[in-house]
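This report goes through one protein chain by topic. Please keep the sequence and the 3D view at hand while reading.

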Amino acid sequence: MLIKNGLVFTDSCLFEKKDILISKDKISRLEESRSFHSSLSSDSYDASDCYIIPGLTDIHFHGCMGYDFCDGTDEALEAITTYELSQGITTICPATMTLPEESLLKICQHAANYTPKTLGATICGINLEGPFLSYAKKGAQNPSYLRCPDQAMLSRLLEASNHLIKLVAIAPEEAGAYECISAFKNQVSFSIAHTTADYATSLKAFEAGANHVTHLYNAMPAFSHRAPGVIGAAFDTPHCMVELICDGIHIHPSVVRSTFKLFGDDRVILISDSMMACGMPSGTYSLGGQAVTVTKNLATLKDGAIAGSATHLMDCLRIAISIGIPIESAIKAATLNPARAIGIEKNYGSITPGKIAHLVILKKDLSIKDIFFSGILLK
(Lines give C-alpha, C1' and ligand atoms only; values in the text may rest on other atoms or scores of the structure.)
Protein backbone atom coordinates (compact mmCIF):
# COMPACT_ATOMS: atom_id res chain seq x y z
CA MET A 1 0.00 0.00 0.00
CA LEU A 2 1.25 3.48 -0.91
CA ILE A 3 -0.28 6.42 0.94
CA LYS A 4 0.22 9.53 -1.16
CA ASN A 5 -0.19 13.28 -1.09
CA GLY A 6 -0.67 13.75 2.66
CA LEU A 7 1.05 15.90 5.26
CA VAL A 8 2.95 13.31 7.30
CA PHE A 9 3.85 13.82 10.95
CA THR A 10 7.39 12.49 10.60
CA ASP A 11 9.66 11.24 13.37
CA SER A 12 11.19 14.72 13.49
CA CYS A 13 7.76 15.76 14.87
CA LEU A 14 7.06 18.05 11.94
CA PHE A 15 4.52 17.84 9.13
CA GLU A 16 6.14 17.10 5.80
CA LYS A 17 4.67 16.27 2.41
CA LYS A 18 5.67 12.63 2.09
CA ASP A 19 4.46 9.37 0.61
CA ILE A 20 4.37 6.34 2.90
CA LEU A 21 5.03 2.84 1.62
CA ILE A 22 3.55 0.06 3.75
CA SER A 23 4.76 -3.52 3.42
CA LYS A 24 2.61 -6.08 5.23
CA ASP A 25 2.03 -4.60 8.71
CA LYS A 26 4.98 -2.20 8.82
CA ILE A 27 6.08 1.13 7.45
CA SER A 28 8.60 0.31 4.76
CA ARG A 29 9.81 3.76 3.78
CA LEU A 30 8.97 7.43 3.45
CA GLU A 31 9.75 9.30 0.28
CA GLU A 32 9.23 12.73 -1.14
CA SER A 33 5.88 13.11 -2.89
CA ARG A 34 6.74 13.03 -6.59
CA SER A 35 3.70 14.97 -7.59
CA PHE A 36 0.79 16.16 -5.55
CA HIS A 37 -1.54 15.22 -8.41
CA SER A 38 0.20 11.96 -9.32
CA SER A 39 -2.05 9.17 -10.52
CA LEU A 40 -3.22 6.56 -8.05
CA SER A 41 -3.23 2.82 -8.59
CA SER A 42 -5.47 0.23 -6.97
CA ASP A 43 -2.93 -0.23 -4.16
CA SER A 44 -2.63 3.49 -3.45
CA TYR A 45 -4.49 5.72 -1.02
CA ASP A 46 -5.00 9.43 -1.67
CA ALA A 47 -4.46 11.50 1.48
CA SER A 48 -4.72 14.87 -0.23
CA ASP A 49 -5.56 17.78 2.10
CA CYS A 50 -5.14 15.53 5.14
CA TYR A 51 -2.77 15.06 8.04
CA ILE A 52 -1.26 11.62 8.58
CA ILE A 53 -0.35 10.97 12.20
CA PRO A 54 0.69 7.91 14.21
CA GLY A 55 -2.10 6.07 15.98
CA LEU A 56 -2.51 7.48 19.48
CA THR A 57 -1.36 5.68 22.63
CA ASP A 58 -3.37 6.07 25.84
CA ILE A 59 -1.38 4.87 28.84
CA HIS A 60 -3.94 5.89 31.46
CA PHE A 61 -7.63 5.16 31.07
CA HIS A 62 -10.06 2.78 32.77
CA GLY A 63 -12.76 2.02 30.27
CA CYS A 64 -15.42 3.12 27.80
CA MET A 65 -18.71 2.04 26.23
CA GLY A 66 -20.10 0.84 29.56
CA TYR A 67 -17.15 -1.44 30.32
CA ASP A 68 -14.19 -1.21 32.68
CA PHE A 69 -10.78 -2.82 32.27
CA CYS A 70 -11.25 -4.20 35.79
CA ASP A 71 -14.28 -6.19 34.64
CA GLY A 72 -11.66 -8.73 33.63
CA THR A 73 -13.72 -10.32 30.85
CA ASP A 74 -13.23 -10.92 27.14
CA GLU A 75 -16.46 -9.03 26.49
CA ALA A 76 -15.10 -5.95 28.26
CA LEU A 77 -11.74 -6.02 26.50
CA GLU A 78 -13.37 -6.53 23.11
CA ALA A 79 -15.68 -3.55 23.65
CA ILE A 80 -12.87 -1.36 24.99
CA THR A 81 -10.30 -2.18 22.32
CA THR A 82 -12.83 -1.89 19.50
CA TYR A 83 -14.03 1.53 20.64
CA GLU A 84 -10.54 2.87 21.24
CA LEU A 85 -9.42 1.81 17.77
CA SER A 86 -12.47 3.46 16.22
CA GLN A 87 -11.30 6.76 17.73
CA GLY A 88 -7.76 6.46 16.35
CA ILE A 89 -6.27 5.16 19.61
CA THR A 90 -4.34 2.15 18.35
CA THR A 91 -2.23 1.15 21.37
CA ILE A 92 -3.40 1.15 24.98
CA CYS A 93 -2.13 0.60 28.51
CA PRO A 94 -5.37 0.45 30.52
CA ALA A 95 -5.36 1.21 34.23
CA THR A 96 -6.59 -0.77 37.21
CA MET A 97 -8.15 0.69 40.33
CA THR A 98 -7.48 0.07 44.02
CA LEU A 99 -8.97 -3.39 44.56
CA PRO A 100 -8.22 -6.50 46.65
CA GLU A 101 -5.10 -8.39 45.60
CA GLU A 102 -7.17 -11.37 44.47
CA SER A 103 -9.10 -9.16 42.05
CA LEU A 104 -5.95 -7.51 40.71
CA LEU A 105 -4.32 -10.90 40.16
CA LYS A 106 -7.29 -12.07 38.09
CA ILE A 107 -7.35 -8.83 36.07
CA CYS A 108 -3.63 -9.10 35.33
CA GLN A 109 -3.87 -12.78 34.38
CA HIS A 110 -6.80 -12.14 32.10
CA ALA A 111 -5.10 -9.27 30.28
CA ALA A 112 -1.91 -11.30 29.83
CA ASN A 113 -3.82 -14.26 28.37
CA TYR A 114 -6.36 -12.30 26.32
CA THR A 115 -6.64 -13.38 22.68
CA PRO A 116 -8.55 -10.83 20.57
CA LYS A 117 -11.50 -12.15 18.60
CA THR A 118 -12.23 -8.80 16.99
CA LEU A 119 -10.01 -6.09 15.55
CA GLY A 120 -9.15 -3.62 18.29
CA ALA A 121 -6.43 -1.48 19.81
CA THR A 122 -3.32 -3.38 20.87
CA ILE A 123 -2.96 -3.87 24.64
CA CYS A 124 0.69 -2.98 25.21
CA GLY A 125 0.72 -2.78 28.98
CA ILE A 126 -1.12 -2.42 32.27
CA ASN A 127 -1.08 0.71 34.41
CA LEU A 128 -1.32 -0.40 38.06
CA GLU A 129 -3.08 2.63 39.60
CA GLY A 130 -3.40 1.44 43.17
CA PRO A 131 -3.26 0.13 45.81
CA PHE A 132 0.01 1.81 46.91
CA LEU A 133 -1.56 5.25 47.37
CA SER A 134 -2.29 7.84 50.07
CA TYR A 135 -5.63 7.79 51.89
CA ALA A 136 -5.62 11.59 52.10
CA LYS A 137 -5.45 11.90 48.31
CA LYS A 138 -7.42 8.80 47.37
CA GLY A 139 -9.72 10.60 44.92
CA ALA A 140 -11.95 7.95 43.34
CA GLN A 141 -9.82 5.08 44.68
CA ASN A 142 -11.55 2.77 47.17
CA PRO A 143 -9.98 3.45 50.60
CA SER A 144 -10.85 -0.04 51.86
CA TYR A 145 -8.11 -1.61 49.77
CA LEU A 146 -5.31 0.94 50.03
CA ARG A 147 -2.06 -0.45 51.40
CA CYS A 148 1.60 0.48 51.81
CA PRO A 149 3.93 -0.45 48.95
CA ASP A 150 4.44 -4.19 49.15
CA GLN A 151 7.32 -5.77 47.22
CA ALA A 152 5.98 -9.31 47.57
CA MET A 153 2.55 -8.27 46.29
CA LEU A 154 4.03 -6.38 43.34
CA SER A 155 6.14 -9.41 42.47
CA ARG A 156 3.02 -11.61 42.44
CA LEU A 157 1.16 -9.14 40.23
CA LEU A 158 4.06 -8.88 37.80
CA GLU A 159 4.17 -12.64 37.50
CA ALA A 160 0.41 -12.87 37.03
CA SER A 161 0.57 -10.26 34.26
CA ASN A 162 3.48 -12.03 32.56
CA HIS A 163 5.27 -8.69 33.08
CA LEU A 164 2.64 -6.80 31.12
CA ILE A 165 2.52 -4.22 33.96
CA LYS A 166 4.43 -1.19 32.67
CA LEU A 167 3.45 1.56 35.13
CA VAL A 168 3.02 1.37 38.90
CA ALA A 169 1.44 4.30 40.77
CA ILE A 170 2.99 4.99 44.15
CA ALA A 171 2.71 7.55 46.95
CA PRO A 172 6.35 8.02 48.05
CA GLU A 173 5.48 9.13 51.59
CA GLU A 174 4.04 5.69 52.36
CA ALA A 175 6.21 3.21 54.28
CA GLY A 176 8.29 1.00 52.00
CA ALA A 177 7.93 3.18 48.91
CA TYR A 178 11.61 3.95 48.36
CA GLU A 179 12.59 0.34 48.87
CA CYS A 180 9.93 -0.83 46.42
CA ILE A 181 11.05 1.68 43.80
CA SER A 182 14.69 0.68 44.17
CA ALA A 183 13.89 -3.02 43.95
CA PHE A 184 11.69 -2.90 40.82
CA LYS A 185 12.86 0.22 38.93
CA ASN A 186 14.40 -1.88 36.17
CA GLN A 187 11.19 -3.86 35.62
CA VAL A 188 8.51 -1.14 35.67
CA SER A 189 8.18 2.62 35.62
CA PHE A 190 7.09 4.09 38.95
CA SER A 191 4.69 7.00 38.81
CA ILE A 192 4.12 9.35 41.75
CA ALA A 193 0.37 9.46 42.29
CA HIS A 194 -2.44 10.15 44.79
CA THR A 195 0.06 11.59 47.21
CA THR A 196 0.65 14.18 49.93
CA ALA A 197 4.42 14.16 49.26
CA ASP A 198 6.36 17.39 49.53
CA TYR A 199 9.25 18.45 47.32
CA ALA A 200 11.99 16.64 49.25
CA THR A 201 10.03 13.39 49.52
CA SER A 202 9.18 13.47 45.83
CA LEU A 203 12.75 14.25 44.82
CA LYS A 204 14.00 11.32 46.89
CA ALA A 205 11.57 9.04 45.02
CA PHE A 206 12.86 10.27 41.68
CA GLU A 207 16.42 9.74 42.84
CA ALA A 208 15.46 6.19 43.85
CA GLY A 209 14.22 5.51 40.31
CA ALA A 210 10.69 6.88 39.86
CA ASN A 211 10.34 8.56 36.48
CA HIS A 212 6.70 9.51 35.97
CA VAL A 213 3.83 11.51 37.51
CA THR A 214 0.21 10.38 37.27
CA HIS A 215 -2.33 13.03 36.15
CA LEU A 216 -0.22 16.04 37.14
CA TYR A 217 -1.96 18.53 39.49
CA ASN A 218 -4.73 16.08 40.37
CA ALA A 219 -4.62 14.20 43.70
CA MET A 220 -1.43 15.90 44.90
CA PRO A 221 -0.41 19.10 46.74
CA ALA A 222 -0.65 22.30 44.74
CA PHE A 223 2.42 23.87 43.16
CA SER A 224 3.27 27.02 45.10
CA HIS A 225 6.19 29.41 45.37
CA ARG A 226 7.36 28.12 48.75
CA ALA A 227 6.13 24.54 48.53
CA PRO A 228 6.74 23.25 44.97
CA GLY A 229 5.83 19.69 45.95
CA VAL A 230 5.65 16.86 43.42
CA ILE A 231 5.35 19.25 40.50
CA GLY A 232 8.52 21.16 41.35
CA ALA A 233 10.43 17.94 42.01
CA ALA A 234 9.26 16.55 38.68
CA PHE A 235 10.44 19.70 36.90
CA ASP A 236 13.85 19.36 38.55
CA THR A 237 14.15 15.73 37.39
CA PRO A 238 15.01 15.70 33.66
CA HIS A 239 14.12 12.01 33.19
CA CYS A 240 10.62 12.46 34.64
CA MET A 241 7.57 12.54 32.34
CA VAL A 242 4.20 13.92 33.43
CA GLU A 243 0.62 13.08 32.48
CA LEU A 244 -2.06 15.69 31.73
CA ILE A 245 -5.79 15.04 31.52
CA CYS A 246 -6.78 17.48 28.80
CA ASP A 247 -10.55 16.96 28.84
CA GLY A 248 -11.44 20.61 29.47
CA ILE A 249 -12.48 19.82 33.06
CA HIS A 250 -9.52 18.52 35.06
CA ILE A 251 -7.04 21.25 34.09
CA HIS A 252 -7.63 24.93 33.27
CA PRO A 253 -6.46 25.85 29.74
CA SER A 254 -3.92 28.32 31.13
CA VAL A 255 -2.36 25.57 33.25
CA VAL A 256 -2.20 23.23 30.24
CA ARG A 257 -0.36 25.91 28.26
CA SER A 258 1.92 26.69 31.21
CA THR A 259 2.76 23.01 31.71
CA PHE A 260 3.90 22.57 28.12
CA LYS A 261 6.12 25.64 28.58
CA LEU A 262 7.42 24.42 31.93
CA PHE A 263 8.22 20.83 30.99
CA GLY A 264 8.59 21.09 27.21
CA ASP A 265 6.79 18.86 24.76
CA ASP A 266 9.36 16.07 25.24
CA ARG A 267 8.09 15.35 28.75
CA VAL A 268 4.32 15.87 28.65
CA ILE A 269 1.96 12.94 28.02
CA LEU A 270 -1.69 13.49 27.18
CA ILE A 271 -3.99 10.94 28.80
CA SER A 272 -7.76 10.59 28.93
CA ASP A 273 -8.25 8.88 32.33
CA SER A 274 -11.59 7.87 30.81
CA MET A 275 -13.98 5.61 32.68
CA MET A 276 -16.78 3.37 31.41
CA ALA A 277 -19.08 6.32 30.62
CA CYS A 278 -16.84 7.41 27.74
CA GLY A 279 -18.85 6.97 24.55
CA MET A 280 -22.08 6.60 26.54
CA PRO A 281 -24.96 8.98 27.45
CA SER A 282 -25.17 10.83 30.76
CA GLY A 283 -26.21 8.65 33.67
CA THR A 284 -24.94 6.65 36.64
CA TYR A 285 -21.93 4.38 36.19
CA SER A 286 -19.28 2.68 38.33
CA LEU A 287 -15.55 3.15 38.88
CA GLY A 288 -13.62 0.95 41.29
CA GLY A 289 -16.88 -0.22 42.83
CA GLN A 290 -18.09 3.32 43.54
CA ALA A 291 -21.10 5.01 41.92
CA VAL A 292 -20.23 7.81 39.49
CA THR A 293 -22.69 10.38 38.15
CA VAL A 294 -21.89 11.51 34.61
CA THR A 295 -23.34 14.67 33.08
CA LYS A 296 -22.03 15.17 29.55
CA ASN A 297 -18.27 14.80 30.12
CA LEU A 298 -18.18 15.52 33.86
CA ALA A 299 -17.90 12.44 36.09
CA THR A 300 -18.23 12.83 39.87
CA LEU A 301 -18.56 10.74 43.01
CA LYS A 302 -21.31 11.36 45.57
CA ASP A 303 -19.02 13.76 47.46
CA GLY A 304 -18.39 15.80 44.30
CA ALA A 305 -14.86 14.51 43.65
CA ILE A 306 -14.02 14.16 39.97
CA ALA A 307 -13.91 10.46 39.07
CA GLY A 308 -11.96 10.07 35.87
CA SER A 309 -13.21 11.50 32.61
CA ALA A 310 -15.78 10.69 29.96
CA THR A 311 -13.56 11.90 27.13
CA HIS A 312 -11.39 9.72 24.89
CA LEU A 313 -7.79 10.60 24.02
CA MET A 314 -8.46 11.82 20.47
CA ASP A 315 -10.87 14.41 21.84
CA CYS A 316 -8.30 15.35 24.51
CA LEU A 317 -5.84 15.93 21.68
CA ARG A 318 -8.33 18.16 19.88
CA ILE A 319 -9.04 20.11 23.07
CA ALA A 320 -5.32 20.68 23.66
CA ILE A 321 -4.94 22.10 20.16
CA SER A 322 -8.08 24.22 20.51
CA ILE A 323 -6.73 25.94 23.64
CA GLY A 324 -3.42 26.89 22.07
CA ILE A 325 -1.05 23.92 22.24
CA PRO A 326 0.80 23.69 18.90
CA ILE A 327 -0.54 20.78 16.89
CA GLU A 328 2.92 19.22 16.63
CA SER A 329 3.41 19.33 20.41
CA ALA A 330 -0.03 17.91 21.13
CA ILE A 331 0.41 15.02 18.70
CA LYS A 332 3.84 14.22 20.11
CA ALA A 333 2.33 14.16 23.62
CA ALA A 334 -0.32 11.64 22.51
CA THR A 335 1.87 9.38 20.37
CA LEU A 336 5.64 9.27 20.80
CA ASN A 337 5.85 10.39 24.44
CA PRO A 338 3.46 7.78 25.87
CA ALA A 339 5.12 5.08 23.78
CA ARG A 340 8.49 6.07 25.24
CA ALA A 341 7.05 6.13 28.76
CA ILE A 342 6.07 2.45 28.65
CA GLY A 343 8.98 1.29 26.50
CA ILE A 344 7.15 0.44 23.27
CA GLU A 345 8.72 3.13 21.07
CA LYS A 346 10.66 0.51 19.09
CA ASN A 347 7.43 -0.51 17.37
CA TYR A 348 4.96 2.31 17.97
CA GLY A 349 4.60 6.05 18.45
CA SER A 350 5.98 7.52 15.24
CA ILE A 351 5.85 7.17 11.47
CA THR A 352 9.25 5.59 11.09
CA PRO A 353 10.40 2.82 8.74
CA GLY A 354 10.32 -0.50 10.56
CA LYS A 355 7.53 0.43 12.96
CA ILE A 356 4.02 -1.01 12.90
CA ALA A 357 1.81 0.86 10.43
CA HIS A 358 -0.77 2.25 12.85
CA LEU A 359 -1.81 5.48 11.12
CA VAL A 360 -4.68 7.94 11.41
CA ILE A 361 -5.75 10.09 8.47
CA LEU A 362 -7.15 13.36 9.80
CA LYS A 363 -9.02 16.00 7.87
CA LYS A 364 -7.89 19.58 8.39
CA ASP A 365 -10.65 20.02 11.00
CA LEU A 366 -9.04 17.09 12.90
CA SER A 367 -11.96 14.74 12.28
CA ILE A 368 -10.97 11.20 11.34
CA LYS A 369 -11.15 10.32 7.67
CA ASP A 370 -9.62 6.84 7.89
CA ILE A 371 -7.53 4.57 10.10
CA PHE A 372 -4.81 2.12 9.09
CA PHE A 373 -4.23 -0.63 11.65
CA SER A 374 -1.15 -2.80 11.09
CA GLY A 375 -1.19 -1.56 7.51
CA ILE A 376 -4.84 -2.50 6.91
CA LEU A 377 -7.35 0.21 5.99
CA LEU A 378 -10.31 -0.14 8.34
CA LYS A 379 -13.73 -0.11 6.75
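## Terms and basis

A residue is called buried when its relative accessible area is under 20%, exposed when it is over 50%, and partly exposed in between, using a 1.4 Å probe and protein chains only. Helices (H or I, at least four residues) and strands (E, at least two) are DSSP runs, numbered from the N terminus.

The model is a predicted one: local features need pLDDT of at least 70, side-chain atom pairs count only at pLDDT 80 or more, and totals for chains, interfaces and linings use all residues. Residues are numbered from 1 along each chain as its sequence is written, and side-chain values use heavy atoms, with hydrogens and water left out.

Most residues other than glycine have a negative phi, and most peptide bonds are trans. Asp49 is not a glycine, yet has a positive phi of about 60°. Asp49 sits in the loop between strand E4 (44–46) and strand E5 (50–54). With a relative accessible area of 54%, Asp49 is exposed.

Asp273 also has a positive phi, near 55°, and is a residue other than glycine. Its loop runs between E16 and strand E17 (283–287). Is Asp273 buried or exposed? Its relative accessibility is 6%, so Asp273 counts as buried.

A cis peptide bond joins Gly130 to Pro131, with omega near 20°. Pro131 belongs to the loop between E11 and helix H3 (151–160).

Two strands pair if DSSP finds at least two bridges between them. An open sheet of 6 strands is built in the order E11-E12-E13-E14-E15-E16, and the pairing is parallel. Strand E11 (126–128) and strand E16 (268–271) are the edge strands, each pairing on one side only.

Within this sheet, strand E14 (residues 212–213) and E15 are paired in the parallel sense over 2 bridges. Val213 is placed opposite Val242 in E15. The loop between strand E15 (241–245) and helix H7 (253–263) contains His252. His252 has 54% relative accessibility and therefore counts as exposed.

## Helix H8

Which residues of helix H8 (residues 313–322) are buried? They are Leu313, Met314, Cys316, Leu317, Ala320 and Ile321. These residues lie on the same side of H8 because they cover an arc of only 160° around the axis, where the arc is that of the directions from the helix axis to the C-beta atoms. An α-helix has 3.6 residues a turn, so residues three or four places apart point the same way. Gly324 follows H8 and has a positive phi, near 115°.

## Aromatic pairs

Rings of Phe, Tyr and Trp (its six-membered ring) pair if their centres lie within 6.5 Å; planes under 30 degrees apart count as stacked, over 60 as edge-to-face and the rest as tilted. The structure has 4 aromatic pairs. One of them is the tilted pair of Phe15 and Tyr51, with 4.7 Å centre to centre and 40° between the planes. Phe15 is in strand E2 (residues 15–23) and Tyr51 in strand E5, so the pair links distant parts of the chain, 36 residues apart. Phe15 and Tyr51 are both buried. Phe235 lies in helix H6 (residues 229–235) and Phe263 in helix H7, so the pair ties together parts that are 28 residues apart in sequence. Phe235 is partly exposed, with a relative accessible area of 39%, whereas Phe263, at 6% relative accessibility, counts as buried.

## Pocket and cavity

On a 1 Å grid over the protein atoms alone, a cavity is a set of points where a 1.4 Å probe fits but cannot get out, and a pocket is an open set with protein on both sides within 12 Å along at least five of seven lines; lining residues have an atom within 4 Å of a point. Grid points are joined across faces, edges and corners, and a volume is the space filled by probe spheres set on the points.

The largest pocket has a volume of about 260 Å³. Its lining has 20 residues, and Gly139, Ala140, His194, His215 and Ile306 lie nearest its centre. The structure holds 1 cavity of 30 Å³ or more. The largest cavity is lined by 15 residues, of which Gly55, Tyr348, Gly349, Ile356 and His358 are the closest to its centre.
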